[in-house]
Amino acid sequence: MKERLKNWFARMWVFLVNRNTEGLSDGQGVPFDNDMVDLVDAELESQDSPISREEWGDIILYRFIDVPRGIKAYFTTRNGGVSKPPYQSLNLGFHVGDDPEAVSGNRKLLASVLDLDSALITSPRQRHSAEVSLLLDQTDVGAGADSEDSAFDPCDGLITSLKGAPILLHFADCVPVILAAEGKTQSVGVLHAGREGLMQGVVGRGVLSMSNQGVAPRSITAAIGPAIGPCCYEVDDETASRFADQFGADLVTGNHLDLPGAVKQELTGAGVNAGNIACLDRCTACSSGFYSYRRDGVTGRHGAIAWIE
Ligand SMILES: [Zn+2]
């Protein structure tokens with residue numbers, strides 16, 4: 001019953017947002033339909049996958065289930081939002097040139113189906129660095145919720161033990177990583193692992209930051225979200241050779257880099273149990289259900305969001 005109600009509210013919100021942004025478009029304002037996600041998800045349904053697909057009206061999300069009770073974690077897709085091309089449709093990034101009202105509308109839509117207050121969602125300014133920060137101060141909760149100008153200080157990983165403080169980072173090809181754990185307290189984190197950040201050690205820094213909060217790495221569960229796969233991520237000779245030197249030749253085929261594979265290796269290297277790492281295994285450049293900077297250039301951003309209830 002609760003799910004039905006949520007779906008109803010989500011649809012109502014889409015209707016209201018579309019009505020309010022009518023003047024900005026051709027008046028259609030129709031959210032993208034499910035055809036946009038060309039994902040084959042039968043395997044997620046059939047096996048005991050730690051990542052499951054959820055549909056909330058037109059919004060399609062991937063939920064990371066293997067987390068301590070009271071922690072919630074999701075990867076978003078392009079479906080179910082109000083942004084117009086080339087940002088269609090659930091663009092969560094304010095910094096990509098989309099209409100800010102549409103981005104706010106999308107964040108509210110997402111918040112409504114997840115039972116969150118969109119004003120409390122914290123996002124940092126991402127810089128392809130290895131900087132990982134802690135969200136400790138209640139006054140910082142909600143930084144970046146309404147614009148890029150208000151975003152949390154530049155970093156590419158954000159960790160918190162605060163309750164009711166969802167962390168959202170943005171992606172279009174780079175690897176989203178969600179960390180969750182229960183130590184002395186519960187802790188969640190989201191990392192933005194692009195090639196540069198990966199090579200600078202953002203994944204290890206994320207695990208270290210969490211373990212500094214009293215969480216043993218072996219108690220961390222991690223999910224690797226939608227990211228550009230080795231099928232589509234080709235780089236020049238010099239970059240491929242630097243990547244192979246750092247992460248091993250197994251993760252480079254021709255000049256194609258396996259970023260999600262490198263993230264997994266970094267996680268286990270930092271002490272996370274391989275059995276505690278889930279991988280969605282979806283290539284953003286192959287699938288129109290996700291944003292891909294490499295495929296589309298000017299485009300939106302999907303998200304990874306995690307919080308302690
Ligand atoms: Zn691909």
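How many bridges join β6 to strand β13? The count is 5, and the two strands run antiparallel. This is a predicted model: local features need pLDDT of at least 70, side-chain atom pairs count only at pLDDT 80 or more, and totals for chains, interfaces and linings use all residues. Residues are numbered from 1 along each chain as its sequence is written.

**View 1. The whole protein holds 8 helices and 13 strands.** Helices (H or I, at least four residues) and strands (E, at least two) are DSSP runs, numbered from the N terminus. Of the 309 residues, 50% count as buried. A buried residue has 20 or more other C-beta atoms within 10 Å of its own; an exposed one has 12 or fewer, and a partly exposed one lies in between, with C-beta atoms placed from the backbone. Contacts are pairs whose C-beta atoms, placed from the backbone, lie within 7 Å. Among contacts with a separation of 6 or more, 68% come from residues 24 or more positions apart.

**View 2. Five strands make an open sheet in the order β1-β2-β3-β13-β6.** Pairing is antiparallel; two strands pair if DSSP finds at least two bridges between them. The edge strands are β1 (51-56) and β6 (167-171), each pairing on one side only. Neighbouring strands are turned by 25 degrees against each other on average, direction ignored. Axes here are lines fitted to C-alpha atoms, for helices over the stretch in contact, and angles run from 0 to 180 degrees between N-to-C directions. Strand β13 covers residues 302-308.

**View 3. β1 and β2 form a hairpin with 2 residues between the strands.** Strand β2 (residues 59-64) pairs with β1 over 6 bridges, in the antiparallel sense. W56 stands opposite I59, and E55 stands opposite I60. In this hairpin, G57 takes a positive phi near 65 degrees. β2 is mostly covered, with 5 of its 6 residues buried.

View 4. R63 stands opposite Y74.

**View 5. Helix α3 is mostly covered.** Of its 14 residues, 10 are buried, including V103, L109, L110 and V113. The buried set also includes N106 and R107. The expected span is 1.5 Å times one less than the number of residues. For residues 100-113 that gives 20 Å, and the end C-alpha atoms are 20 Å apart, which agrees. Just after α3, D115 takes a positive phi of about 65 degrees.

**View 6. The largest nonpolar core has 83 residues.** Such a core is a set of buried Ala, Val, Leu, Ile, Met, Phe, Trp, Tyr and Cys residues joined through C-beta atoms within 7 Å. A73, I167, V177, I178, V263 and A306 touch the most other members. Leaving aside neighbours within four places in sequence, A306 is in contact with residues including I71, A73, I167, I178 and V188. K72 and P166 are also among its contacts. In soluble globular proteins, nonpolar side chains tend to be buried together.

Definitions and conventions: Contact = placed C-beta atoms within 7 Å.
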